[in-house]
Amino acid sequence: MRLKQIPFIGPLLAAGADDSVFDALLILGPIVIIIITFLGRTLPSVLLAVAYTGGFLSYIAYKGVAETTESST
């Protein structure tokens, strides 16, 4: 079974950007929220939230810098 054949994931990937990292981050978001809900406000859940948010923001900043550098040349 391919990832695009999964009922919820397939349409999300089709509608998303053509960036596999960004798509993965979008799919991981609800999973992270569910994990945090089950863990409650504990050190591992806070670290997970910080890691996810930091990764997401870092990737967006990286893409912004890469596209700015690419368009200026």
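Q: Which residue forms a salt bridge with Lys63?
A: In this predicted model, where local features need pLDDT of at least 70, side-chain atom pairs count only at pLDDT 80 or more, and totals for chains, interfaces and linings use all residues, a salt bridge is a side-chain nitrogen of Lys or Arg within 4 Å of a carboxyl oxygen of Asp or Glu. Residues are numbered from 1 along each chain as its sequence is written, and side-chain values use heavy atoms, with hydrogens and water left out. The closest N and O atoms of the pair are 3.7 Å apart, and the partner of Lys63 is Asp19.

Q: How many residues apart in sequence are the parts that Lys63 and Asp19 tie together?
A: Helices are DSSP runs of H or I with at least four residues, numbered from the N terminus. Lys63 lies in helix 3 (residues 43–72), whereas Asp19 sits in the loop between helix 1 (9–15) and helix 2, so the pair joins parts whose separation in sequence is 44 residues.

Q: Is Asp19 buried or exposed?
A: Buried means under 20% relative accessible area, exposed means over 50%, and partly exposed lies in between, using a 1.4 Å probe and protein chains only. Because its relative accessibility is 16%, Asp19 counts as buried.

Q: What is the angle between the planes of Tyr52 and Phe56?
A: Rings of Phe, Tyr and Trp (its six-membered ring) pair if their centres lie within 6.5 Å, and planes under 30 degrees apart count as stacked, over 60 as edge-to-face and the rest as tilted. Tyr52 and Phe56 form a tilted aromatic pair, 5.9 Å centre to centre, and the angle between their planes is 45 degrees.

Key. Helices (H or I, at least four residues) and strands (E, at least two) are DSSP runs, numbered from the N terminus.
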